[in-house]
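Welcome to the tour! Keep your viewer open and your selection tool ready, and we will go from stop to stop together.

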Amino acid sequence: MDSAEVRYEVNDSVATITMNRPQRRNAVSKSFMKELAEVLGTAAADDDVRVVILTGCGGYFNVGADLASPPETRGLSRISKDRDRHHVLDGSRCVELLHRMPKVTIAAINGACAGAGLGLALATDLRYAADIAKFNTAFLTAGISGDMAAVWFASQVAAPQKVRELFLVPQKFTAAQALEWNLLNDVVPADALASHVTRVAQQISAFAPLAVRHMKANLNDALLSPLSEYLPREVDRVVDSAHTEDSVEAARAFLEKRAPKFTGR
């Protein structure tokens with residue numbers, strides 16, 4: 001499925017969503033954010049999809065707000081607060097879907113990543129960047145306080161003092177620095193990024209689907225839930241996943257010294 005500004009394709013249970021505004025460095029517009037939210041919703045609801053990859057085209061990931069576009073097409077038009085609130089809510093829906101959908105989400109950060117684009121990247125479960133990728137926490141530079149939960153997601157993975165510095169003193173930084181600050185899982189050569197992320201996605205998609213969904217739920221709950229609330233949920237999930245044909249197949253394959261064949265049941 002292709003649209004003007006977002007491309008969507010599924011191969012072997014892996015969905016790839018490509019932000020497709022190369023002439024604007026994949027910057028955020030009103031129509032783009034609405035389309036992205038719709039495509040992410042499609043991926044979240046598709047039972048055949050187990051892993052979702054988010055990337056950009058034209059050598060860019062996403063540079064955030066499109067400040068050079070006409071006000072009526074911008075995400076934040078500054079024409080109407082109600083209009084802008086609806087747009088920002090579309091963006092909030094995107095990052096919430098990336099974070100909460102019952103599929104593993106992976107960012108393949110192939111180039112410039114700034115502002116709202118950084119929020120999209122940080123919302124994914126796993127983040128891999130090309131060694132040439134550049135980042136920018138540009139919200140205050142644009143005279144805005146930030147959106148796309150970029151501050152919230154960064155605060156889950158990086159040291160608090162570093163997060164405060166990054167967003168209170170907007171700055172550009174390299175992929176190597178982003179890795180050092182725990183914003184990324186790994187940095188790979190630019191020409192190897194797509195194949196690296198595809199391998200990771202295929203490895204995850206080969207696991208029992210329900211077990212993966214429950215593992216992601218565990219990881220999300222572990223961020224904020226006290227242990228007393230987390231444990232009952234974990235118990236329910238492990239029992240639920242154990243009572244599947246896939247769990248029986250995993251045990252049988254281990255004993256027979258072969259790779260398991262999971263069916264999602």
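**Stop one: a pocket**

The second largest pocket has a volume of about 480 Å³. A pocket here is an open set of points on a 1 Å grid over the protein atoms alone, where a 1.4 Å probe fits and protein lies on both sides within 12 Å along at least five of seven lines. Its volume is the space filled by probe spheres set on the points, which are joined across faces, edges and corners.

Before you click on, some ground rules: this is a predicted model, in which local features need pLDDT of at least 70 and side-chain atom pairs count only at pLDDT 80 or more, while totals for chains, interfaces and linings use all residues. Residues are numbered from 1 along each chain as its sequence is written, and side-chain values use heavy atoms, with hydrogens and water left out.

Now select Asp125, Leu126, Lys216, Leu219 and Asn220: of the 22 residues lining the second largest pocket, these lie nearest its centre. Lining residues have an atom within 4 Å of a point. Two or more of them come from each of β7 (126–130), α4 (150–157) and α8 (209–224), and α8 gives the largest share, seven residues. Helices (H or I, at least four residues) and strands (E, at least two) are DSSP runs, numbered from the N terminus.

Select residues 51–56, strand β3, where six of six residues are buried, meaning under 20% relative accessible area (1.4 Å probe, protein chains only). Show the side chains next: Val51, Ile53 and Thr55 point one way, and Val52, Leu54 and Gly56 the other.

**Stop three: a four-strand sheet**

Here an open sheet runs in the order β4-β6-β8-β9, with mixed pairing. β4 (60–62) and β9 (172–174) are at the edges with a single partner strand each, so one side of each has no neighbour in the sheet. Zoom in on β4 and β6 (residues 112–114), which run parallel and are joined by two bridges; Asn62 has Cys113 as its bridge partner.

**Last stop: the cysteines**

Cys94 is buried, at 0% relative accessible area, and Cys113 is buried at 1%.

Conventions: Buried < 20%, exposed > 50% of the residue type's maximum accessible area, 1.4 Å probe, protein only. Pairing = 2+ DSSP bridges.
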